[in-house]
Amino acid sequence: MAVEPLVLDGKLVASEIKESLKSRVAALKEKGITPCLATVLVGDDPSSATYVKMKGNACAKIGMESRRIHLPKETTTEELLDVIGELNDDSSVHGILLQHPVPHHIDERAAFEAISIEKDVDGVTSLGFGQNSLGFGEYPSCTPAAIMSIIDYYGVSLEGKHAVVVGRSPILGKPVSMMLLNRNATVTTCHSYTENLPDLLATADIVVAAVGKPNFIQGEWVKEGAVILDAGYNKGNVGDIDYDACYEKASAITPVPGGVGPVTISMLLKQTVESAEKDARILQNS
Ligand code: NAP
């Protein structure tokens, strides 16, 4: 019988990160600073509203504040940029999260770019992406950072390994590819034009699924013993890999739910706390 794979428990990783943040939040509060994440939601997409609520609840659980800005779906790009500008100028706000996706008529890239680099705790600006790609940025994109945290928590070796990332979105596939490359993996980034995906996956020591298609990565495509990280989250709590079939082949695998998702939220909290700590240091030295 094949050896059961190690299930990479994102809930465990997330709870340890959140636990360690509680004392940091308390220390900041003693200095009169309460870390605050502002979330901006445009429109009435129910999933987006749920994600924003989850993030607000997660802040409250560790003693942080969150400020929820809910704008109507008719909001123009200019109006959204004004709201982001106000949050940039508000010294009681340490991090800004613009919930993706925004309604189609809004220039989402322009809105992301309007977030000041100091408050880009979700790692969505091109400056943040560029800095992190070069290996010195402060706040990486949260889901890629979550994937790297799981890798580190479980001591997955990256050096010289072939990592195949399926997906190249600005918030997920591209940044995680750069992070893996910076950690000396040999990285192949795949997308909808990739012609020989199963052949590439057959040589992957590490698989990152970031496709947005339920059960997309087939068990027969992956190599025996691969480490499989599923960032996907689709309707019905289903990831981007065919979990049961991939489980049979993997040496380690993230479940959905309970894998990358919970760690993503804890990364957002961690980066907001870091931003508040930076403010505290600036105040102390002024
Ligand atoms: P996205 O922007 O839609 O990007 C999907 C990527 O998959 C694109 O690069 C696309 O290629 C590629 N793709 C589509 N079909 C493909 C195919 N047949 N073969 C190979 N590549 C293909 O999605 P995303 O925002 O990166 O999200 C990806 C998944 O992660 C979704 O399930 C989403 O719900 C989940 N997610 C989870 C979290 C979390 O916290 N766990 C956070 C964010 C997203 P092209 O570039 O050529 O179109």
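**A cavity and some aromatic pairs**

Gly 123, Gly 128, Phe 129, Asn 132, Ser 133, Tyr 139, Pro 140, Ser 141, Pro 175, Met 178 and Met 179 make up the lining of the largest cavity. The model is a predicted one, where local features need pLDDT of at least 70 and side-chain atom pairs pLDDT 80 or more, while totals for chains, interfaces and linings use all residues. Residues are numbered from 1 along each chain as its sequence is written, and side-chain values use heavy atoms, leaving out hydrogens and water.

A cavity here is a set of points, on a 1 Å grid over the protein atoms alone, where a 1.4 Å probe fits but cannot get out, and lining residues have an atom within 4 Å of a point. Searching the whole structure turns up one cavity of 30 Å³ or more. The largest cavity has a volume of about 60 Å³, volume being the space filled by probe spheres set on the points, which are joined across faces, edges and corners. Helix 5 (126-133) and helix 7 (173-182) each give two or more residues to its lining, and helix 5 has the largest share, with four residues. Helices are DSSP runs (H or I, at least four residues), numbered from the N terminus.

As for aromatic pairs (ring centres within 6.5 Å, Trp by its six-membered ring), the structure holds three. Tyr 153 and Tyr 154 have ring centres 5.0 Å apart and planes at 65°, so this pair is edge-to-face (planes over 60 degrees apart). Phe 216 and Trp 221 also form an edge-to-face pair, 5.6 Å centre to centre with 80° between the planes.

Terms used: Phe/Tyr/Trp six-rings, centres within 6.5 Å; stacked < 30°, edge-to-face > 60°. 1 Å grid on protein atoms, 1.4 Å probe; cavity = no way out; pocket = protein on both sides within 12 Å on 5 of 7 lines; lining within 4 Å.
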